[in-house]
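Colleague: I would like to go through this structure feature by feature. Please give the general idea each time, then the case at hand.

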Amino acid sequence: NKLCSSKNNQWFNALQNRSCKINSKFFIDEEKGLYRNTIEKLNQLSSSYENIYLFDTYKLVCPDTKCSFTRDGVDIYADGDHISPKWARDFLSPEIYKFIRKIKD
């Protein structure tokens with residue numbers, strides 16, 4: 001994650017960082033994806049109960065067939081397990097707000 005970060009963009013670190021991407025299928029492939037069981041169970045829950053709403057964060061983090069570690073110059077991840085506060089504020093929060101408003105209407 002550190003090599004894929006947009007942090008430390010001083011001139012002497014410019015060549016250290018890379019534009020890293022990972023194939024989306026690694027996470028969501030129906031047969032071998034890392035999150036396949038979680039996605040399946042959450043979809044079952046949502047289908048079974050009318051008061052359970054799913055907000056698909058994955059589609060925001062990885063909207064294409066390749067997942068990136070940065071978007072518009074902002075790091076998506078703070079570390080290997082957590083979304084960065086700046087990305088959450090600038091990209092995730094507005095989408096959550098829209099999702100809640102849609103449910104409420």
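**Cysteines, a surface patch and an arginine**

Modeller: Both C62 and C67 are buried. Keep in mind that this is a predicted model.

Colleague: How many disulfides are there, and which cysteines are joined?

Modeller: A disulfide is a covalent bond between the sulfur atoms of two cysteines. The count here is one disulfide, and the residues joined are C62 and C67, with an S to S distance of 1.8 Å.

Colleague: Is the disulfide of C62 and C67 left-handed or right-handed, and why?

Modeller: The torsion about the S-S bond of C62 and C67 is about -85°, so this disulfide is left-handed.

Colleague: Which residues make the nonpolar surface patch?

Modeller: F26, I28, L34, Y35 and I39 make the patch, which covers about 440 Å². One of these residues, Y35, sits in the loop between helix 1 (25-28) and helix 2 (36-48).

Colleague: Where is R36 found, and what is R36 in contact with beyond its neighbours within four places in sequence?

Modeller: R36 is in helix 2 and is partly exposed, with a relative accessible area of 31%. Apart from neighbours within four places in sequence, R36 is in contact with F27, D29, E30 and E31. A polar atom of the R36 side chain lies 2.8 Å from the backbone oxygen of G33.

Colleague: What separates the C-alpha atoms of R36 and F26?

Modeller: These two residues are ten apart along the chain, and their C-alpha atoms are separated by 9.7 Å.

How values were computed
Residues are numbered from 1 along each chain as its sequence is written. This is a predicted model: local features need pLDDT of at least 70, side-chain atom pairs count only at pLDDT 80 or more; totals for chains, interfaces and linings use all residues. Side-chain values use heavy atoms; hydrogens and water are left out. A disulfide is a pair of cysteine sulfur atoms within 2.5 Å. Buried means under 20% relative accessible area, exposed over 50%, partly exposed in between (1.4 Å probe, protein chains only). Patches are made of residues with over 30% relative accessible area and no salt bridge: like charges are joined within 9 Å, nonpolar side chains (Val, Leu, Ile, Met, Phe, Trp, Tyr) within 5 Å. Accessible areas come from the Shrake-Rupley method with a 1.4 Å probe; for residues, only the protein chains shown count as cover. A salt bridge is a side-chain nitrogen of Lys or Arg within 4 Å of a carboxyl oxygen of Asp or Glu. Helices (H or I, at least four residues) and strands (E, at least two) are DSSP runs, numbered from the N terminus. Contact means heavy atoms within 4.5 Å. A polar contact is a pair of N or O atoms within 3.5 Å; within protein, one must be able to donate a hydrogen and the other to accept it, and residues adjacent in sequence count only if both atoms are side-chain atoms.
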